[in-house]
Amino acid sequence: SAIGNKVANGTTQTISKIDKIKPSTPVIDGTTENWSAKPVTLTADSEDDASGIKDYSFSTVSGSYYWQKENSKTFSDSATVYVCSRDNAGNISDPITIDVKIDSSSPSGSVNTDNKTDWVKQAVITADASDKLSGLHEKPYSFSTEKNQYNWQTENSKTVVSNGTYYIYARDAAENIVLLDTVTIDKIDRTAPVIQNIDMSDNGNKSVIEITAEDADSGILAY
């Protein structure tokens, strides 16, 4: 605001550099309600129509200020951040509070297969994982026949009907992915035996039927 002052020689001086209005509360770009596996950069934007914005503060302590010319700051760890701006007259804005959530640790867990020794028509692979920080993703498990290829699902088990190598992964809410285990399934047989020959003969008052069959996987159990 301008103030007119009468001085001794009859002239008037205009004072136009008084600013008592604090800047607007910063608007933050780069915030997210989700967890991040990587460092998070917060960028602040505040307005001041009078003296203009001088600097910004990104502090992890409420009521404390760490002023810097740059309007952005990168955080590598989880923190509650209080962001303020200051104008050239020294007025400080109201703070905006941001929760930075960073989880760079992968989940941990184990894998179990229901049958490893007997021949079966199918096998069930079960995973059990946990994550202490961000928690597991809403679809945390993947059972894949290709390494580093993912088929995410909610259920922690998979019924497989083919022999092969299976890669079992888990991920957390921050998208950290871990290979829990690699499982080789080689006891599945879904192919019926092949009858190669049937011989019929008489043995007195009895008829004798002799069958020859072959099974390339689990072998012939009985006739």
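Start with the largest nonpolar core, which has 16 residues; select Val-111, Ile-125, Ala-127, Val-160, Ile-168, Leu-180 and Ile-185, the members that touch the most others. A nonpolar core here is a set of buried Ala, Val, Leu, Ile, Met, Phe, Trp, Tyr and Cys residues joined through side-chain atoms within 4.5 Å, with buried meaning under 20% relative accessible area (1.4 Å probe, protein chains only). Two or more residues each come from β11 (123-130), β12 (136-144), β15 (164-172) and β16 (177-185); strands are DSSP E runs of at least two residues, numbered from the N terminus.

Before going on: this is a predicted model, where local features need pLDDT of at least 70 and side-chain atom pairs count only at pLDDT 80 or more, while totals for chains, interfaces and linings use all residues. Residues are numbered from 1 along each chain as its sequence is written, and side-chain values use heavy atoms, leaving out hydrogens and water.

Now zoom to Ile-125. Beyond its neighbours within four places in sequence, its contacts (heavy atoms within 4.5 Å) include Val-111, Phe-143, Tyr-166 and Ile-185.

Next, colour β15: 7 of its 9 residues are buried. β15 pairs antiparallel with β12 over 5 bridges (pairing takes at least two DSSP bridges), and Ser-144 sits opposite Tyr-167. On to β16: 8 bridges join β15 to this antiparallel strand, with Tyr-166 opposite Val-183. The two make a hairpin with 4 residues between them, and Glu-175 in the turn has a positive phi of about 70°.

Last stop: the open sheet β6-β5-β8-β9, paired antiparallel. β6 (67-68) and β9 (96-100) are at the edges with a single partner strand each, so one side of each has no neighbour in the sheet.

Methods:
Buried means under 20% relative accessible area, exposed over 50%, partly exposed in between (1.4 Å probe, protein chains only).
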